[in-house]
Amino acid sequence: MSTELMQVNAMLNGQNFVAGEWRDGADWIEDINPSDVTDIVGRFAQAQPSDIHDAVAAAQGAQREWAAAGLESRAAVLDTIGRELMARSKELGELLSREEGKILAEGVGEVYRAGQFFTYFAAEALRNLGSSAESVRAGVDVLIEREPLGVVAIISPWNFPIATASWKIAPALAFGNAVVWKPASVTPASAWALTEIISRQAIPKGLFNLVMGSGSTIGRELAANADIQGLSFTGSGAVGSGIAALAATRFVKLQLEMGSKNPFVVMDDADLDRAVDLAVNGAFGGSGQKCTAASRMIVHRPVHDAFVEKLLAKTKALKVGHALEAGVQMGPVVSAGQLSANLDYVTLGKSEGAELATGGEALDLAHRGHYMAPAVFLNGRSLMRINQEEMFAPITCVLTAGDLDEAIFLANDTPYGLTAGIATRSLARATKFRRASRSGCVMVNLATAGTDYHVPFGGVRASSYGPREQGRAAVEFYTQAKTSYIHAGAAE
């Protein structure tokens with residue numbers, strides 16, 4: 001065990017970080033390792049409503065100081081955070097995998113990517129460029145500038161506890177805002193570790209705040225706070241709708257990333273071996289607990305049987321086990337509640353008439369954890385609930401399409417539209433699918449999961465609301481435009 005990891009583990013009685021100070025909460029919860037429920041990762045303080053009030057009040061003054069500090073100061077802070085995350089990605093990735101359940105390679109990769117978000121937005125802080133325009137009135141100049149919102153609330157999910165939070169926190173700080181962050185309750189250790197790094201930076205006291213607690217209390221209190229100017233949320237559609245309803249009465253600027261039901265289309269000209277690899281990666285990576293997971297396989301009828309044969313063989317061969325063990329390809333799901341919900345979907349799929357071809361059962365392994373065999377349903381119909389609802393589970397269902405037009409219809413036949421993928425050697429087919437897909441992200445001969453940090457990310461319809469995340473698109477949410485008209489008069 002590294003010296004740094006020993007230091008982190010020694011400090012895992014994690015407090016909230018409010019107004020520049022570490023603070024105990026009204027209560028404490030235990031963070032349990034889903035790979036081994038006898039392993040307690042730590043105890044973490046739960047915030048109370050007064051912490052929200054104190055955090056937002058402190059953030060207001062700190063934000064004005066931070067916005068006036070200058071671009072280079074902000075860039076330097078973000079670059080330092082990013083470089084530390086990348087340097088400590090193995091250590092912090094192990095902590096992340098231990099509490100969330102994704103395999104170690106994915107945990108390490110997530111932390112490293114989080115570091116890249118910070119270094120990318122360190123550079124973007126220096127590109128806070130405005131523009132000028134010629135007025136329709138003689139002698140008048142027009143300037144268009146981007147200014148920070150003020151205090152931004154961030155509510156992040158458990159499936160990417162550091163990466164998703166980072167792609168929100170980094171641009172918020174880069175563009176001059178203060179942050180009050182409520183992470184998911186089941187992954188507090190990763191949130192605390194990121195906050196510990198941020199807390200050591202040269203930032204105004206109160207600029208960054210961590211308030212841990214349940215969504216129904218702390219999340220709701222944060223969304224209802226009158227002094228929040230922007231709120232960025234990633235989570236379920238039901239919770240997102242509730243947040244939007246709370247915030248709408250105050251006209252708070254919103255950015256919501258919510259549910260998905262991502263299709264992966266396989267045409268008869270695809271490289272089937274590669275298509276199967278992409279399908280398994282998309283469906284079962286991260287134990288299927290990704291908003292970009294491919295939970296629907298739409299397969300061209302001429303290659304259906306061959307694809308299914310290869311898909312089942314590869315799925316059955318996946319090694320499920322403790323997230324930190326070498327050779328494991330899929331870890332546990334995040335909690336007992338999630339496992340129970342997943343198994344309910346398996347029961348539902350069978351009751352709807354789909355054929356469970358493999359998996360779908362809880363696994364009793366050497367370590368007592370929340371393990372599930374990855375599941376593949378066959379002979380499903382598009383309107384089955386298992387093909388309409390986001391399951392957030394290692395479950396996928398194979399549908400059959402007679403041609404590309406039917407595949408496109410089926411791909412779009414849900415309320416969601418986050419990602420969509422197609423495997424084909426035909427540029428014409430790929431182009432038609434890309435143009436017709438009602439989704440925010442389209443993958444051609446790539447898994448539906450996985451996005452670059454320097455380009456926009458987000459969906460359409462019930463998947464997303466508000467400006468896109470990541471890349472230069474983030475400036476649209478974390479800043480607001482100010483247009484100034486200037487009449488200088490005649491020079492003497």
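Visitor: What makes Arg461 partly exposed?

Guide: The relative accessible area of Arg461 is 26%, and since buried means under 20% and exposed over 50%, with partly exposed in between (1.4 Å probe, protein chains only), Arg461 is partly exposed. This is a predicted model, in which local features need pLDDT of at least 70 and side-chain atom pairs count only at pLDDT 80 or more, while totals for chains, interfaces and linings use all residues. Residues are numbered from 1 along each chain as its sequence is written, and side-chain values use heavy atoms, with hydrogens and water left out.

Visitor: Why does Asn445 count as partly exposed?

Guide: Asn445 has 27% relative accessibility, and therefore counts as partly exposed; it is found in the loop between strand 19 (441-444) and strand 20 (464-465), where strands (E, at least two residues) and helices (H or I, at least four) are DSSP runs numbered from the N terminus.

Visitor: Which residues of helix 11 are buried, and what puts them on the same side?

Guide: His304, Phe307, Val308, Leu311, Leu312 and Thr315 are buried in helix 11. They cover an arc of only 130° around the axis, which puts them on the same side of helix 11, the arc being that of the directions from the helix axis to the C-beta atoms.
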